Amino acid sequence: MRVDILSKEYPPAVYGGAGVHVAELVRALRSRGDLEVQVRCFGAPRDEADTTAYADLVELTAANAAIATLGVDLLMAQDCVGADLVHSHTWYANFGGHLASLLGGMPHVVTAHSLEPMRPWKAEQLGGGYRVSSFAERSAYEGAAGVVAVSAGMRADILRAYPSLDEDRVHVVHNGIDSQLWQKAEDAAVVARHGIDPARPSVIFVGRITRQKGLPYLLRAAAALPPEVQLVLCAGAPDTPEILAEVESLMTELRSGRDGVVWIPEMLPRHEVVALLSAATVFACPSVYEPLGIVNLEAMACELAVVATATGGIPEVVVDGETGWLVPIEQVEDGSGTPVDPDAFVATLAAALTEAVSDPERARQMGVAGRERAIAHFSWESIGDRTMAVYQQVLGAT
């Protein structure tokens, strides 16, 4: 049986949770030994068997980014003919999977890592291309033989965004974590090189600078933290100049009133991220939209307690009072995830972070419990098995 997996991101070009998911899922599926897995991804050639990369069409160099994406999808679709099933990830590759299914007659499975209707701020980044990406995603979801949601919260969002979908076609298969790659490993040299004082408590954030990650709320909350607490931000790849400017302004304001604010804008190798997580007191995830949140699993696997927004799939990962603190949020119902009362959300976030750093022993115990939970419930082997079960169900229904 041949499965073609389509994704914009694939190692070494991975910048978000979807790319991590695809890389680990491919590894888990290939290790089974009963599948031929062909990977089709965007970008430069990869030095990996059964993996084909597709560069943007030169004819679309000056086109809107969404149109250039559809050009790559066309190239992918024609090469999928002959597969028994195609499985696409994110809107970037969804339309390629949809076209491949129409062209080759094989079923198409979509994994939902995010939803365009839930990210209206992307219109800032893509302009009219946001309408194109929304069209591509809707066409793929409504035409798919199966849709995989990475959390029950995401499943509810899918059915709300695309009400014409048959509920029986939407399955929950969580994201996972490799607990061997992600485990506590202290490295004093890495910590020192980034200007972090290991003797002081610290709050760490890891993520892209995008509206959904809620970094501006964290920067506002950090102003209320005890003065000895450091804030470590591994934050880069801004979606737009506007969100970057907002973060820079808040960062300048925060640094004017406290020291120990460390901003690392470049993407770090995994061993350095692990070292920084291992040195921190608590991990902060202030997201206003998060289908599941692999970053929380990575922090938990490194024995780090988590303070996270109680939204999307996060409550399916972080157990309040056991592996961390969940921060309640009331959100505007326009798909943006914006808090109804931003000041109240910032204050509640600050209070939870303060509680976490003020009792480092309790935070340490929650971190240990978090690793145990990550291992028990989110292994990639089990997720590969559950994904295979979806394939079999879809194939059996066609």
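Predicted model: local features only at pLDDT ≥ 70, side-chain atom pairs only at ≥ 80, totals over all residues.
Trainee: What makes a stretch a helix or a strand here, and how many of them does the protein have?

Mentor: They're DSSP runs numbered from the N terminus, with at least four residues of H or I for a helix and at least two of E for a strand. On that basis you get 14 helices and 13 strands.

Trainee: How do you know whether the radius of gyration agrees with a compact globule?

Mentor: The rule is 2.2 Å times the number of residues to the power 0.38, with the radius taken over C-alpha atoms. For 398 residues that gives a value near 21 Å, and the protein has 21 Å, so the two agree. The C-alpha atoms fill a box of roughly 60 × 45 × 40 Å along the principal axes.

Trainee: Why is Ala237 called partly exposed?

Mentor: Buried means under 20% relative accessible area and exposed means over 50%, with partly exposed in between (1.4 Å probe, protein chains only). Ala237 has 43%, so it counts as partly exposed. Ala237 sits in the loop between strand E9 (230–236) and helix H9 (241–255), and has a positive phi of about 50° although it is not a glycine.

Trainee: What about Glu303, and why does it get that label?

Mentor: Glu303 has a relative accessible area of 31%, so it is partly exposed as well. Look for Glu303 in the loop between helix H11 (294–301) and strand E12 (305–309); its phi is positive, about 65°, although Glu303 is not a glycine. As for the whole protein, 57% of the 398 residues count as buried.

Trainee: What makes E5 and E6 a pair?

Mentor: Two strands pair if DSSP finds at least two bridges between them. Strand E5 (residues 108–112) and E6 have 4 bridges, so they pair, and they run parallel. Thr111 stands opposite Val148 in E6.

Trainee: And which strand does E6 (residues 146–149) join through 3 bridges?

Mentor: That's E7 (residues 170–172), again parallel, with Ala149 opposite Val172. From E6, Gly146 and Val148 point one way and Val147 and Ala149 the other way, and all are buried.

Trainee: What covers the buried residues of helix H6 (residues 152–161)?

Mentor: The cover includes E5, helix H5 (129–143), E6 and E7, counted by contact, meaning heavy atoms within 4.5 Å. Among the buried residues of H6 are Met154, Asp157 and Leu159.

Trainee: Last one: where is the cis peptide bond?

Mentor: A cis bond joins Pro11 and Pro12, with omega about 5°. Pro12 is in the loop between strand E1 (2–7) and helix H1 (17–32).

Note on methods: Residues numbered from 1 in each chain as written. Heavy atoms only, no water.
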